[in-house]
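Subject: A structure for you to look at

Hi there,

Here is the structure I promised to pass on to you. Have a look at it first, and then read my notes below.

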Amino acid sequence: MKTKQHWVPALAVAGIFWLLVPAHDVAAQDSQSELDDIAEQAKADRINISLKELHPDYVEAFLKVQSALQDGTLDEAAAALQPMSDYRGSAGYPDAEEAHYQLLVFWLAQAAGDDRVARGALEQVVSSGHGRIDYDIYIPAAMDLLKQQVQEKAYAESLVTHDLLQKSGSGRDASASVSDIMTKVRAIVEGDEPVVISGTLDGGGRWSRQMIRRGMFIDAPDGGISNQVFDCENKQASVAWQPGSELAVPESWGACRLTLEGESGAGFEWVQVTVP
C-alpha cells in the first residue's frame, strides 16, 4: 500500500529554512506550488552536480529514492533505500557515497517525523559531507544542526559544526551571522565556570554529549540513570551511577564523550566543573 504524504523539506536551497506562508486564495496556492516546484528542481539540480563523480549505479539508486521522496510516497522511498542499506551493511560505501546515503536517510526520517533518526543522519551529513555534498545543500544542513546544538547546549559539538561552516566557502557568510553567539559558546567551553545542562534519556534509554570539563556529577532525584559511559581518545570506561557521586576524568584519557544509560524518559541535570 502506498503512503502518500505531502513532504516539505526543512532545508531550502537559498536559505536555512523554508518559509511557510498560508495561502489566502487559489491564485496564491498555485503561485506557492510553482515556487515549491522550482525550489525542488533547484535542489535536485544541485544534488545532481554533487553526484557526478559517484558510481553510475549508485547515482541511479540515489535518484530513485529522491524521486519517491519528492512524490511524497514514503513507503516507496523506504523500499528504494533498502537495497542501498543492505549494500552498505555488507560492503560499505566510500566517503562521498556514505555522505549522500546519510542525506537520503535524513530526508526520509524528516519526512516520516522520526526526529531521532533524522538528527543522527543530519550529524553524519554534516561531519562527512563537507567537501562532498554540494555547498548549497550542505550549508543549510550545517546551519540547521548548529542551531539545534546551541539550543541544546551541546557546546563542544556546535564549535565543530561552526568550524566546518567556516571552511565551506560561502558557508563563511552563514557562520558570520552567528559569530557573536559562537564567541560566547567558545568562552563557555574554554572557561572554568560550572556548566549545568538538563537532559532526558531518549526512547532507547541513552543520552550523549562531548565533555568540556573533566569534573562532573549527575543529579537525578527520581533515579533512572544506571551507567555513565566514557568514550575518550585514550580510554573507554563504564561507571555505575550512584546518587551524589562525583567523578574526575584523568587528563591522560584525553577528550571524552559521555553517554548516560538508563530508563527511557529519565530526567537529570549534568553538572560539569573544572578540576584543579
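Let's begin with the largest pocket: helix H4 (95-112), helix H5 (115-129), helix H6, strand S2 (206-210) and strand S7 (256-262) each give at least two residues to its lining. Please keep in mind that this is a predicted model. H5 provides the largest share of that lining, with seven residues. In total, 22 residues line the largest pocket, and Arg116, Arg119, Gly120, Glu123 and Asp202 are the ones nearest its centre. The space inside comes to about 790 Å³. What kinds of residue make up the lining of the largest pocket? Eleven are charged, six are polar and five are nonpolar.

Next, find strand S1, residues 195-200. S1 has a covered face made of Val195, Ile197 and Gly199, while Val196, Ser198 and Thr200 are on its uncovered face. Which strand is joined to S1 by six bridges? That is S8 (residues 267-273), and the two run antiparallel.

Finally, take a look at lysine 153, in the loop between H6 (135-151) and helix H7 (155-166). Lysine 153 has a positive phi of about 60°, although it is not a glycine. Is lysine 153 buried, partly exposed or exposed? Its relative accessibility is 36%, so it counts as partly exposed.

Enjoy exploring!

Best wishes

Key. Residues numbered from 1 in each chain as written. Predicted model: local features only at pLDDT ≥ 70, side-chain atom pairs only at ≥ 80, totals over all residues. Heavy atoms only, no water. Buried < 20%, exposed > 50% of the residue type's maximum accessible area, 1.4 Å probe, protein only. Helix = DSSP H or I, 4+ residues; strand = E, 2+ residues; numbered from the N terminus. Pairing = 2+ DSSP bridges. 1 Å grid on protein atoms, 1.4 Å probe; cavity = no way out; pocket = protein on both sides within 12 Å on 5 of 7 lines; lining within 4 Å. Points joined across faces, edges and corners; volume = space filled by probe spheres on them. Nonpolar A, V, L, I, M, F, W, Y, C, P; charged D, E, K, R; others polar.
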